[in-house]
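Colleague: Could you walk me through how to read charged pairs and accessibility in a model like this one?
Modeller: Happy to. Let's have it on screen while we talk.
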Amino acid sequence: MHCVAVLTLLGVLAGLQESLPSRYFKSKRHHGLDQPHFNEKYFEQMVDHFNFNSMGNGTFSQRYLITEKYWERRHGPLFFYTGNEGDIWDFALNSGFLTELAEQQRALVVFAEHRYYGKSLPFGQESFHIPQVGLLTVEQALADYALMISRLKQELGAVDCPVIVFGGSYGGMLSAYMRQRYPNLVAGALAASAPVLSTAGMGDPAQFFRDVTSDFEGYAPACSAAVKGAFERVQDLAEHQAYERLQSAFALCKTPSSPQDIRQLKGFLRNAFTLLAMLDYPYSTHFWGDMPAHPVKVACEAMLSGPDLLANLRNTSGIVYNSTGEQSCFDLYSLYVECADPTGCGLGSNSLAWDYQACTEIELCFESNNVTDMFPPMTFTQAERQAYCSKRWGVVPRPGWLRTQYWGDALSTASNIIFSNGDLDPWANGGVRTSLSPSVVAINIKDGAHHLDLRGSNSADPASVITARKMEANLIAQWVEMEKLKYNEISK
């Protein structure tokens, strides 16, 4: 989730979002046959929950998706997805575990879109102007979900139906926060691939790109060595100002002519590996564009396909940036935008929203160093973050605020939260990997990529994720029954 943005797959997607996943790319299929019968609706949401003077009782239309297909009316639970940094359809169409579980447990399912993303723009086209963008905060988003849950339960006759929240990546953080902030409304949370520690400034700045490197090294040590060697070749050519050679080697639309162009090229290439690692699923996916099965394996085969390391690096990045094979050249500045998230902000309006959040509450000071990782040294310090954010948004970041507001690593007194993480996910070590109590449970998924457990069942799933989903289902069923017993006691 940091200072460099990831681009949309060339020719496949217009700039969208991704948790963690979803700010990067927009799904091609918003209205396909694989829809689990969701109805798209809009909720009249408060613009500002916490200042009665600034907006009065002003409202905006917040999008949500709902299906009652599996629901045992007035009795079954409400499964509520806390939408993150992108179009809500992308999450609904790529989180099949929720509907599978809803069928088992007879639940109502709602996917709520995060304010300032997708079509949920409080001020329309002016939403990213200053000061209007200032109402884009975690606390406002949580209050949106709390109000939506309360009203929907009333409108649907579901007042006594327990609520379980789900989310992946940043959305997983929001799910955990919902349980912490609104336990009166939320009985439990599944926080998948939620980097609640690193985004609160409690991680190692070298961790993310070190873990991306580990994925490739895990496939073959020669793979990461080849990547490192290719970047060294790029640096050597740059130092000798062999710009035409670089243009030719990477099929760039324009010849680089400055150190900034070289930095742009390095960031562009580094982010390809970020996506390949995050999306290292055992089957092809179309969440953030067209990604092959086992993309890390495919990438390593490309990196080790011959002696020309630059050609290999170009072909490897093309797995992400030219999946359709339609691009004749790469326009670095239109495909990749440097921002306050070195792991990628994406393109389009969703990238603006995420950039602002990375400049305010979400801390993402990750950097590569070419010592613990295979990438060229690219820093993003708190000082660099502050300088960028002050210039771009007129804000000064507040390091440590998420840790103060949402408990940081002092989560042992929380309850009914599952933190799931896959071993292949570079976000995993920024999250909770060890259970903190019988009801704050960590589930680690061997051979699992970014929130693999939220995806629908697939014949290629590793046994570990099948086991993880069963554990999650059992815990959620227990929480639902406990909440029903509580309601029954209160109603006596």
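Colleague: Are Glu113 and Arg63 buried or exposed?
Modeller: In this predicted model, Glu113 and Arg63 are both buried. For Arg63 the relative accessibility is 1%, and buried means under 20%, so Arg63 falls in that class.

Colleague: How should I read two such charged residues together?
Modeller: Side chains of opposite charge can pair when their charged atoms come close. Here Glu113 forms a salt bridge with Arg63, with the closest N and O atoms 2.7 Å apart. Glu113 sits in the loop between strand S5 and helix H3, and Arg63 in strand S3, so the bridge ties together parts that are 50 residues apart in sequence.

Colleague: Which other residues are linked with Glu113 and Arg63 in a network of salt bridges?
Modeller: Glu40 and Asp87 belong to that network as well. Glu40 bridges to Arg63, the closest N and O atoms being 3.3 Å apart. Since Glu40 lies in strand S2 and Arg63 in strand S3, this pair joins parts 23 residues apart in sequence. Glu40 has 33% relative accessibility, so Glu40 counts as partly exposed.

Colleague: How many salt bridges does the whole structure hold?
Modeller: The search finds 14. One of them joins Arg263 and Glu338, at 2.6 Å from N to O. That pair links distant parts of the chain, with Arg263 in helix H8 and Glu338 in strand S8, 75 residues apart. Arg263 is partly exposed at 29% relative accessibility, and Glu338 is partly exposed at 22%.

Technical notes:
Residues numbered from 1 in each chain as written. Predicted model: local features only at pLDDT ≥ 70, side-chain atom pairs only at ≥ 80, totals over all residues. Heavy atoms only, no water. Salt bridge = Lys/Arg side-chain N within 4 Å of Asp/Glu carboxyl O. Helix = DSSP H or I, 4+ residues; strand = E, 2+ residues; numbered from the N terminus. Buried < 20%, exposed > 50% of the residue type's maximum accessible area, 1.4 Å probe, protein only.
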